[in-house]
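Here is a guided look at how the chains of this structure meet. Keep the sequence and the 3D view open as you read.

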4 protein chains.
Amino acid sequence: MPKGFAVPRSPLGRAAINPPPPWHYSSEVIGVDFWADPVATAALLPEGLSPDPATNGHARVLFSDSQFTAQDDEFLDPARYQFREVRVLIDAVWGETAVTYCPFSFADNDAALSRGWMQGLPTKLGQIAQTRSYAAWSEAAAPVSPGGRFAASASAHGCRLIDVSVTLDRREEDGRSFFERPTALLRYVPQLVAGQQHRPAMHELTLLLVENVRTVDMWIGHGFLSLPEVRGEELDALRPLRMNFGFRCGMAYSVEDLRVLQDLRD
Amino acid sequence: MPKGFAVPRSPLGRAAINPPPPWHYSSEVIGVDFWADPVATAALLPEGLSPDPATNGHARVLFSDSQFTAQDDEFLDPARYQFREVRVLIDAVWGETAVTYCPFSFADNDAALSRGWMQGLPTKLGQIAQTRSYAAWSEAAAPVSPGGRFAASASAHGCRLIDVSVTLDRREEDGRSFFERPTALLRYVPQLVAGQQHRPAMHELTLLLVENVRTVDMWIGHGFLSLPEVRGEELDALRPLRMNFGFRCGMAYSVEDLRVLQDLRD
Amino acid sequence: MPKGFAVPRSPLGRAAINPPPPWHYSSEVIGVDFWADPVATAALLPEGLSPDPATNGHARVLFSDSQFTAQDDEFLDPARYQFREVRVLIDAVWGETAVTYCPFSFADNDAALSRGWMQGLPTKLGQIAQTRSYAAWSEAAAPVSPGGRFAASASAHGCRLIDVSVTLDRREEDGRSFFERPTALLRYVPQLVAGQQHRPAMHELTLLLVENVRTVDMWIGHGFLSLPEVRGEELDALRPLRMNFGFRCGMAYSVEDLRVLQDLRD
Amino acid sequence: MPKGFAVPRSPLGRAAINPPPPWHYSSEVIGVDFWADPVATAALLPEGLSPDPATNGHARVLFSDSQFTAQDDEFLDPARYQFREVRVLIDAVWGETAVTYCPFSFADNDAALSRGWMQGLPTKLGQIAQTRSYAAWSEAAAPVSPGGRFAASASAHGCRLIDVSVTLDRREEDGRSFFERPTALLRYVPQLVAGQQHRPAMHELTLLLVENVRTVDMWIGHGFLSLPEVRGEELDALRPLRMNFGFRCGMAYSVEDLRVLQDLRD
């Protein structure tokens with residue numbers, strides 16, 4: 001039988017797109033925290049989740065430039081496993097639990113796409129770029145310090161979808177508190193059998209579980225976000241009404257579990 | 001609820017990665033028909049399929065440069081929906097039925113990747129190129145005629161995986177007979193929940209159903225195939241022992257159904 | 001000494017980016033003929049060229065999906081030598097000679113970029129896609145016939161720069177007359193030596209010479225063109241005031257010469 | 001007249017591929033220092049340079065993951081200006097001056113390609129990846145410390161050209177001494193005019209001048225390098241006979257000048 005954890009697996013197991021969990025990540029993160037139209041955010045939530053009465057309309061765009069590894073030194077195969085990703089997160093509640101929900105995500109690597117789909121992320125392929133901070137100073141180094149400026153962008157199929165910029169103001173000691181809400185996702189697999197195409201084979205509301213979370217060098221400041229209207233996309237539904245703040249940090253975590261909140265098939 | 005047929009779907013339905021079936025394709029195909037080590041082909045078959053006693057070891061590499069459309073003029077959005085793909089197919093039987101099985105496939109487009117996974121194709125992202133025949137004659141036109149030469153290649157993560165070349169000899173009137181065996185696939189979705197990661201949520205042996213198949217301008221001739229050894233891949237297991245023939249044709253078909261042959265869980 | 005015709009050459013001559021001329025091309029072409037603001041087109045012309053009193057403001061966007069070969073079967077190395085390109089052409093005169101001038105061009109291949117720069121084309125890297133006509137009929141085939149629709153797009157750095165669509169109306173017997181004006185270009189090489197950076201080492205007005213031109217299956221019809229405003233680009237200066245027509249054809253030609261019209265260094 | 005320093009320039013100056021110098025860089029560098037066949041390195045040198053009697057055969061592969069800026073905050077447009085590059089450098093002498101010569105270089109960005117060609121670098125497009133060190137610790141973080149492992153790879157047209165790995169051993173206090181030899185290059189522009197194609201319009205031996213060089217966190221250790229044979233490339237001529245060491249550092253510098261050593265047109 002084919003071997004490997006996630007699709008696509010491979011007959012001999014050497015060519016599986018992903019190793020089995022635990023999956024370890026370390027990333028440089030740039031993001032903007034903002035308020036969108038509460039009617040729009042509520043309209044994006046799936047069955048099982050409700051608008052958070054306290055924060056409905058609150059949302060985030062989170063870019064990450066990441067290295068991945070599992071058990072086989074995948075960090076030494078950067079052509080195959082490094083990736084850049086962006087997630088859009090909106091506040092919601094699952095029963096009494098405050099969560100975020102991810103309606104949109106893009107990544108530039110097929111192994112990341114596969115891991116995302118296995119968890120319920122709606123990841124599509126995109127081209128993602130973000131200003132990076134370098135150790136050796138020059139005008140190009142973008143040091144992490146007051147007034148430091150960073151930008152990030154995401155595009156798909158040659159159309160710009162997201163532009164973000166952040167001007168750093170001050171260091172935040174408690175970076176962890178920025179990521180307190182766990183992320184709810186939808187695992188969905190359709191049936192292609194004729195006559196059954198509207199009854200999914202799998203439809204689960206899931207909760208992304210992350211372990212060993214570390215945030216370092218969390219800085220916040222002024223944030224700017226643009227979500228232009230693009231044919232075949234719908235990010236512009238979350239057009240920001242008001243910026244909250246921008247931020248930049250290092251972040252590491254591991255994934256080795258998933259919680260299934262609810263089976264959404266009737 | 002999110003709308004759209006396949007993962008990733010989207011909250012408003014405009015940004016779903018794929019429209020619902022029927023899916024229509026038209027392609028330019030370049031391929032090589034060959035014999036690999038029968039022990040190797042038998043070792044690649046999943047549960048439910050057996051080596052074909054008559055043709056075990058017989059295999060094909062099939063490149064296609066394709067246009068896709070469904071109900072919404074997707075052929076007018078080539079940046080999003082045109083794609084190039086390669087499939088490796090090996091002979092097998094399901095009970096008494098002669099089929100091919102696809103252990104390896106690469107495509108250069110995420111919508112094609114998603115449609116593939118929904119059917120059970122093990123598609124990974126790759127860069128694919130094939131010599132094309134142009135209407136206006138010059139030394140670069142590669143006309144379809146006796147002695148005409150064509151080449152195709154597939155790479156992933158910057159490593160060359162497949163090289164094919166074909167020298168046309170003669171036109172075959174009955175192009176359909178080249179594609180008589182339907183293709184068996186594996187639909188597989190793991191569970192990521194801790195403790196259940198070795199029990200898949202879905203594991204189906206499926207049969208790809210194609211409608212309205214048209215082949216035009218089928219030519220056959222000499223074929224050459226190279227499957228170099230690459231770290232993290234295993235195509236070299238099918239290293240050709242003997243070339244059968246090369247071919248080139250136009251082909252069109254539609255997909256709107258799938259047959260589930262067998263549930264492979266427990 | 002390094003070997004090879006164009007930069008980059010290589011020490012042993014096997015790795016030169018391009019073979020020496022003659023260079024042969026065959027292409028599928030989609031274009032839109034339109035009228036822009038005559039003030040804008042005049043402002044884009046370099047020294048040596050003047051607005052054409054008869055047609056100032058007349059312009060074209062020309063997409064081509066091309067195969068290239070020279071003396072060494074380059075058409076059998078499609079991963080290295082196939083390419084897609086778009087050129088913007090505006091009418092001008094050089095003395096009494098009616099020409100077009102190319103202020104903007106994008107291609108998706110470094111060998112094409114190098115050949116372009118050697119001739120004076122201002123080619124930058126871009127992602128280019130165009131609807132293609134396939135021989136095997138399906139809803140995806142886009143046949144060349146009355147009412148047939150085609151689209152093309154160009155993007156760079158994840159921003160959409162050009163969108164074109166064409167609806168075919170009728171076949172034109174005399175395709176050659178569409179390409180009567182030769183194209184004037186600028187060969188420019190700066191000096192990087194401090195103090196001399198404003199005195200170019202080379203600055204020539206050139207005329208692109210093409211041989212063996214063949215056009216086949218020229219169809220014209222309704223054309224649409226969009227040139228959105230993008231930061232860091234200036235194609236929107238040519239925003240169309242009025243569409244003339246759209247067209248689609250096959251085209252082949254060879255390049256083995258260049259005419260230097262004028263040395264523009266003082 | 002078109003505006004902008006380097007080709008391609010643009011009519012209005014907003015779309016020039018590169019701003020004028022000074023150009024500022026900050027990079028993460030991974031490299032391997034090695035010995036190749038002295039006959040091979042001598043054979044790669046152009047007119048004007050001679051093998052270094054003391055170190056002929058000595059060579060380096062230098063990967064850099066870089067951010068670029070000039071006068072207009074280009075570091076805030078990472079989709080357009082970030083880039084990754086690899087250079088191969090071999091020891092040589094120009095008269096009495098010890099230099100390195102760069103016979104091969106690849107980069108993944110057209111603005112970097114253009115700057116390279118303006119200086120004389122033989123840069124072709126490639127896909128480049130290198131293990132990166134992240135601030136937030138996890139198994140994926142690749143910290144810079146004894147035993148730390150890093151890898152880098154370069155590919156072009158879907159073929160792997162260079163694989164490098166480094167295992168860090170110890171910190172070197174004097175990182176600058178690693179980059180003492182300046183790099184000699186060839187600026188070359190052919191003529192395409194028929195009958196003059198073998199007489200270049202420009203052929204200069206140049207010396208790359210860098211200012212404000214800073215190296216930080218220089219670590220050295222064990223290095224490994226693979227240069228496989230690839231059709232259409234010739235890096236394998238420098239197949240390593242003996243590894244010297246591997247290294248990793250941060251590096252910043254500026255470019256605003258070039259020295260022309262010699263006009264090579266007879």
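## Where chain B meets chain A

In this predicted model, B:Asp236 pairs with A:Arg14 in a salt bridge whose closest N and O atoms are 3.6 Å apart. The rule finds four salt bridges across the interface of chain B and chain A, along with 30 residue pairs in polar contact, both residues at pLDDT 80 or more. On the side of chain B that touches chain A, at least two residues each come from helix H2 (78-81), strand S4 (97-107), H3, strand S5 (123-125), strand S9 (183-189), strand S10 (202-226) and strand S11 (240-263) of chain B. H3(B) gives the largest share of that side, six residues. Sorted by class, the side of chain B that touches chain A holds 38 nonpolar, eleven polar and 14 charged residues.

How much area is buried between chain B and chain A? About 5,600 Å², with carbon and sulfur atoms giving 64% of it. Chain B brings 63 residues to the contact, and chain A brings 63 residues.

A salt bridge also joins the side chains of A:Asp236 and B:Arg14, at 3.6 Å from N to O. This pair joins two chains, because A:Asp236 sits in the loop between S10 and S11 of chain A while B:Arg14 belongs to the segment before strand S1 (23-36) of chain B. Are the two partners buried or partly exposed? A:Asp236 has a relative accessible area of 8%, so it is buried, whereas B:Arg14, at 45% relative accessibility, is partly exposed.

## Helix H3 of chain B

Let's turn to the helix itself. H3 of chain B covers residues 110-119 and is mostly covered, with ten of its ten residues buried. Among them are B:Leu113, B:Arg115, B:Trp117 and B:Met118.

At the start of H3(B), a side-chain oxygen of B:Asn109 comes to within 2.9 Å of the backbone nitrogen of B:Ala111. Just after H3(B), B:Gly120 has a positive phi of about 115 degrees.

## Where chain A meets chain D

The contact between these two chains takes 41 residues from chain A and 41 residues from chain D. About 3,300 Å² is buried between chain A and chain D, and carbon and sulfur atoms give 55% of this area. Which three residues supply more than any other three of the area that chain A buries against chain D? They are A:Arg132, A:Tyr134 and A:Arg149, which supply 19% of it.

Chain A can be superposed on chain D by a rotation of 180 degrees with 0.0 Å of shift along its axis (RMSD 0.0 Å). That is the relation of a two-fold axis. The copies meet through the same surface, because 100% of the interface residues of chain A are also interface residues in chain D.

## Charged pairs and a buried serine

Across the interface of chain A and chain D, the rule finds six salt bridges. One salt bridge links D:Arg149 with A:Asp73, their closest N and O atoms being 3.0 Å apart. D:Arg149 is partly exposed at 33% relative accessibility, and A:Asp73 is partly exposed at 31%. There is also a network of salt bridges that links A:Glu28, A:Asp65, A:Arg248 and D:Arg132.

Now find D:Ser138, in the loop between strand S6 (127-130) and strand S7 (149-156) of chain D. Its relative accessibility is 4%, so D:Ser138 counts as buried. The side chain of D:Ser138 reaches the backbone oxygen of A:Tyr25 at 3.0 Å. Leaving out residues up to four places away in sequence, D:Ser138 touches A:His24, A:Tyr25, A:Ser26 and A:Ala252.

## A pair within chain B

Over all chains, a search of the whole structure finds 79 salt bridges. In chain B, B:Glu204 forms a salt bridge with B:Arg187, with the closest N and O atoms 3.2 Å apart. The pair links distant parts of the chain, 17 residues apart: B:Glu204 is in strand S10 of chain B and B:Arg187 in strand S9 of chain B. B:Glu204 is buried, with a relative accessible area of 15%, and B:Arg187 is buried as well, at 3%.

Notes:
Residues are numbered from 1 along each chain as its sequence is written. Chains are lettered from A and ligands numbered from 1 in the order in which they are written. This is a predicted model: local features need pLDDT of at least 70, side-chain atom pairs count only at pLDDT 80 or more; totals for chains, interfaces and linings use all residues. Side-chain values use heavy atoms; hydrogens and water are left out. Contact means heavy atoms within 4.5 Å. Buried area is the accessible area (1.4 Å probe) that two parts lose on being put together, summed over both. Copies are superposed by least squares on the C-alpha atoms of residues with pLDDT of at least 70 in both. Buried means under 20% relative accessible area, exposed over 50%, partly exposed in between (1.4 Å probe, protein chains only). Helices (H or I, at least four residues) and strands (E, at least two) are DSSP runs, numbered from the N terminus. A polar contact is a pair of N or O atoms within 3.5 Å; within protein, one must be able to donate a hydrogen and the other to accept it, and residues adjacent in sequence count only if both atoms are side-chain atoms. Ala, Val, Leu, Ile, Met, Phe, Trp, Tyr, Cys and Pro count as nonpolar, Asp, Glu, Lys and Arg as charged, and the others, Gly among them, as polar.
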